[in-house]
Amino acid sequence: MRTFRPKLLTSLLTLIACVVFGAAGLWQLDRAKQRAERFSAMQAGLEASARPLVLPIASAAPIAWSKAVVRGRFDPAATVYIDNRVLDGRAGYHIIGALKPEGQGRHVLINRGWIDVGPDRSTLPIVPTPNGAVTIEGIITEPPPRTFELGNVDPKSLVWPNLLLERFGAGRGLSVEPLVLLQTSVTDDPLIRRWALPASGAEKNKTYALQWFSFAAVTLVLYAIFSFRRSSG
């Protein structure tokens, strides 16, 4: 006959493990809630009407993923091609332009859209820069984070592997606002403007939470199994 006779050390370790696993699961659920709230705020910002971009700004974080409109002039000498941007399985470039807003000191970087790399990589596709004052509507995003790159990149070159604000300033000699506007308005060019918006990521945190709670449940089951011991006599 077996009776439930847990050992003190086993009980203590089981309690600690369940507390740790449970706390990790609750933390992941809280992360899921935060991400879901941020995603809802982002969707609300994208559904609202575009507002004039108020400059200068210290950070794009508070206004990221909202729609804005800005009027100014592009600097044709400041265009940059960002390489290895894939759309529908095709390689291409993102075309980055620098717009000088009216009455402002710093330029705003505009991701004008995507264009196919073409049949010959040695020849860049021609993308005309709008002349005169233009009004650009788009989605505000934070500057891309620094990523790993092979070799050194000449800031003055036309083609870069990634967009970095400090590289833009060094290569084009311009002071820029800490944001990138994903253009949505139509201008006379061959660019495609179909932007992939970030997912909320909440489901991933919920999956992690379920895993942690499962670890706690398995620990309790094992504790119960090994705590039932055969009675002597």
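The model is predicted, so local features need pLDDT of at least 70, side-chain atom pairs count only at pLDDT 80 or more, and totals for chains, interfaces and linings use all residues. Residues are numbered from 1 along each chain as its sequence is written, and side-chain values use heavy atoms, with hydrogens and water left out.

Helices (H or I, at least four residues) and strands (E, at least two) are DSSP runs, numbered from the N terminus. Strand β9 covers residues 176–183. Eight of its eight residues are buried, so β9 is largely enclosed by the rest of the structure. Buried means under 20% relative accessible area, exposed over 50%, and partly exposed in between (1.4 Å probe, protein chains only).

Strand β9 pairs with β6 (residues 107–116) in the parallel sense, over four bridges. Two strands pair if DSSP finds at least two bridges between them. In this pairing, N111 stands opposite L182 of β9. Strand β9 also pairs with β7 (residues 133–141), here in the antiparallel sense and again over four bridges. The bridge partner of I140 in β9 is L181.

Helix α1 runs over residues 8–47. Its 40 residues should span 58 Å at 1.5 Å a residue, and its end C-alpha atoms are 58 Å apart, which agrees. The expected span is 1.5 Å times one less than the number of residues. Buried residues of α1 include T14, C18, F21, G22 and A24. Others among them are Q28, A32, M42 and L46. The buried residues of α1 pack against β3 (67–74), β7 and α3 (202–227), where contact means heavy atoms within 4.5 Å.

Five aromatic pairs occur in the structure. One of them joins W212 and F215 edge-to-face, at 5.6 Å centre to centre and 90° between the planes. Rings of Phe, Tyr and Trp (its six-membered ring) pair if their centres lie within 6.5 Å; planes under 30 degrees apart count as stacked, over 60 as edge-to-face and the rest as tilted. W212 and F215 both lie in helix α3, three residues apart, about one turn of the helix. W212 is partly exposed, at 29% relative accessible area. F215 is also partly exposed, at 43%. Together with F21, W212 and F215 form one aromatic cluster.

Two arginines lie over rings. R112 lies over the face of F74, at 5.4 Å from the ring centre. The charged end of R167 sits over the ring of W160, 5.6 Å from its centre. A charge sits over a ring if NZ of Lys or CZ of Arg is within 6 Å of the ring centre and within 35 degrees of the ring normal.
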